[in-house]
Amino acid sequence: MKIIVAIKQVPERNAQLKIAPGGKWIDESDLSYTFNEPDAYALEEALQLKDKNGGEVIALSAGPDRVASTLREALAKGADRAIHILADDLAQRDTLDLARLLADAIRAESPDLILTGLQSDDLGLGQTGVVLAELLGIPHAPSSCR
């Protein structure tokens, strides 16, 4: 079984956010980043499925060079491989554009299962997994359906 887990790197929970010059995004110069908590749950579920059924867990994340640290953390937790989609422009991308970026990488892997966290700790929109499933033409079940 090949499982892909989409992971987002987000600002630390207690970070002091400041608006960047221009007023359209946050000033990222002094921020520390971490693993999105709901995505950590998705990774743990994938690892449990792998232990039970065998297979491979692939961590997938898009973002700038700093995202490599979050992918290394996923590998340390037990993911077999990691895919880093280099993208320095995530602040300018909407949910659909991000989902298209992820879908292109996922199609190349032909996974049996894709897990995403319910929502991100920074924006909290909860849309990327649903839009991703639609783009890939596969069923989607939110985590609240358990």
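Two strands count as paired if DSSP finds at least two bridges between them. The legends below describe a predicted model.

**View 1. Strand 1 pairs with strand 6.** Strand 1 covers residues 2-6 and runs parallel to strand 6, with four bridges joining them.

**View 2. Gln9 in its surroundings.** Gln9 belongs to strand 2, residues 9-11. Its relative accessible area is 8%, which falls under the 20% cut-off, so Gln9 counts as buried. Leaving aside residues up to four places away in sequence, Gln9 touches Tyr33, Thr34, Arg66, Val67, Ser69 and Thr70. Two polar contacts of the Gln9 side chain are shown. One goes to the side chain of Arg66, at 2.4 Å. Another reaches the side chain of Ser69, at 3.3 Å.

**View 3. Charges over aromatic rings.** Arg66, a contact of Gln9, places its charged end over the ring of Tyr33, 3.5 Å from the ring centre. Tyr33 also touches Gln9. At another ring, Lys77 lies over the face of Phe35, 4.5 Å from the ring centre. Aromatic pairs are absent: a search of the whole structure finds zero.

Technical notes
Residues are numbered from 1 along each chain as its sequence is written. This is a predicted model: local features need pLDDT of at least 70, side-chain atom pairs count only at pLDDT 80 or more; totals for chains, interfaces and linings use all residues. Side-chain values use heavy atoms; hydrogens and water are left out. Helices (H or I, at least four residues) and strands (E, at least two) are DSSP runs, numbered from the N terminus. Rings of Phe, Tyr and Trp (its six-membered ring) pair if their centres lie within 6.5 Å; planes under 30 degrees apart count as stacked, over 60 as edge-to-face and the rest as tilted. A charge sits over a ring if NZ of Lys or CZ of Arg is within 6 Å of the ring centre and within 35 degrees of the ring normal. Buried means under 20% relative accessible area, exposed over 50%, partly exposed in between (1.4 Å probe, protein chains only). A polar contact is a pair of N or O atoms within 3.5 Å; within protein, one must be able to donate a hydrogen and the other to accept it, and residues adjacent in sequence count only if both atoms are side-chain atoms. Contact means heavy atoms within 4.5 Å.
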